[in-house]
Amino acid sequence: SLHCSTESKVKVGALFLKAEGRGSVGEFPKSLFGKGRAGAWKRGGMSGGDLQQQHLELLKCFFNRLVEIIQVEPVLDFIQFMNEADKEEIRARKTQKGNQAGARLLLTKITQRPPAEGWFGQFVTALREGGCPYAAQYIDLEAGNLIPPSLEARNDLEVQLVRLLFPTLICKMTPREVAVHCWNKGMFTMDDLEIVSPFFNSVDFNSVANLL
């Protein structure tokens, strides 16, 4: 399901329909997230201002979901459109209050003070190169690889399942084996491995909890 306000949905839908030369917003969720819509945003010849607004509305629409899944440190390393002072502030927030607080500040800075032209493509690339391709899928409409609501619901269910089975997993998991498997499957970045590697030689609550 869409994790954004009705107002943001309508804005995103209106921009999409404008790109297609259509006038009604009534059925935009189906057309926006349906199969085979790749490239529709540009086919209508949108102006630079329209594209900028479209990109900002996408970030606002999926703000909460992006906060949950963006890994701040590796993504910041690939962002070129943000000055170092802002990056250091975001890193400090992450260190002090956790990754989600850092991700929230990152997105807030982008949406409240939009960067120069070309920032959106750089941001999508930073998400992919920084080990957050799942986050990139939410906003990169032109890639034609959007996350269907059914898959998003399944992912949410699986996250809840891991939380539910947390006590059992702590008793039965081997951190090193699971971490290597996650790395081979592309689920972990090098930064993730560095975070959990100190716990490889111990099988206790803290080591497994850190991995989960």
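Here is a quick tour of the fold, the cores, the surface and the salt bridges in this structure.

This is a predicted model, in which local features need pLDDT of at least 70, side-chain atom pairs count only at pLDDT 80 or more, and totals for chains, interfaces and linings use all residues. Residues are numbered from 1 along each chain as its sequence is written, and side-chain values use heavy atoms, with hydrogens and water left out. The protein comes to 15 helices and zero strands (DSSP runs numbered from the N terminus: H or I of at least four residues for helices, E of at least two for strands).

**Overall picture**

- Of the 212 residues in the protein, 40% are buried (buried is under 20% relative accessible area, exposed is over 50%, and partly exposed is in between, with a 1.4 Å probe and protein chains only).
- Take the contacts with a separation of 6 or more: 62% of them are between residues 24 or more positions apart (a contact is heavy atoms within 4.5 Å).

**Nonpolar cores**

- The largest nonpolar core has 34 residues, and those with the most contacts inside it include Leu 66, Ile 70 and Phe 123 (a core is a set of buried Ala, Val, Leu, Ile, Met, Phe, Trp, Tyr and Cys residues joined through side-chain atoms within 4.5 Å).
- Helices 4, 5, 6, 8, 9 and 10 each give two or more residues to this core, and helix 9 supplies the largest share, six residues.
- Setting aside residues up to four places away in sequence, Leu 66 touches Leu 59, Leu 107, Ala 135, Tyr 138 and Ile 139.
- There's also a second, separate core of ten residues, with Ile 170, Ala 179, Phe 188 and Val 208 among them.

**Helix 8**

- Helix 8 is mostly covered, with ten of its 14 residues buried; among them are Asn 99, Leu 106 and Lys 109.
- The end C-alpha atoms of helix 8 are 20 Å apart, which agrees with the 20 Å that 14 residues should span at 1.5 Å a residue (the expected span is 1.5 Å times one less than the number of residues).

**Leucines and a valine to look at**

- Leu 161, Leu 164 and Leu 165 form a nonpolar surface patch with about 300 Å² of accessible area together (patch residues have over 30% relative accessible area and no salt bridge; like charges are joined within 9 Å, and nonpolar Val, Leu, Ile, Met, Phe, Trp and Tyr side chains within 5 Å).
- Leu 164 sits in helix 11 and is exposed, at 65% relative accessible area.
- Leu 141, in the loop between helix 10 and helix 11, is buried at 5%.
- Val 178 lies in helix 13 and is partly exposed at 27%; beyond its neighbours within four places in sequence, Val 178 is in contact with Met 173 and Leu 211.

**Salt bridges**

- The whole structure has ten salt bridges (a side-chain nitrogen of Lys or Arg within 4 Å of a carboxyl oxygen of Asp or Glu).
- Arg 91 pairs with Glu 73 at 3.4 Å, N to O, and with Asp 77 at 3.2 Å, N to O.
- Arg 91 is buried at 17% relative accessible area, while Glu 73 is partly exposed at 26%.
- Glu 73, Asp 77, Glu 88 and Arg 91 are linked in a salt-bridge network.
- Arg 113 and Asp 86 meet at 2.5 Å, N to O; Arg 113 counts as exposed at 52% and Asp 86 as buried at 9%.

Note on methods:
Areas by Shrake-Rupley, 256 points an atom, 1.4 Å probe, with all protein chains shown as cover.
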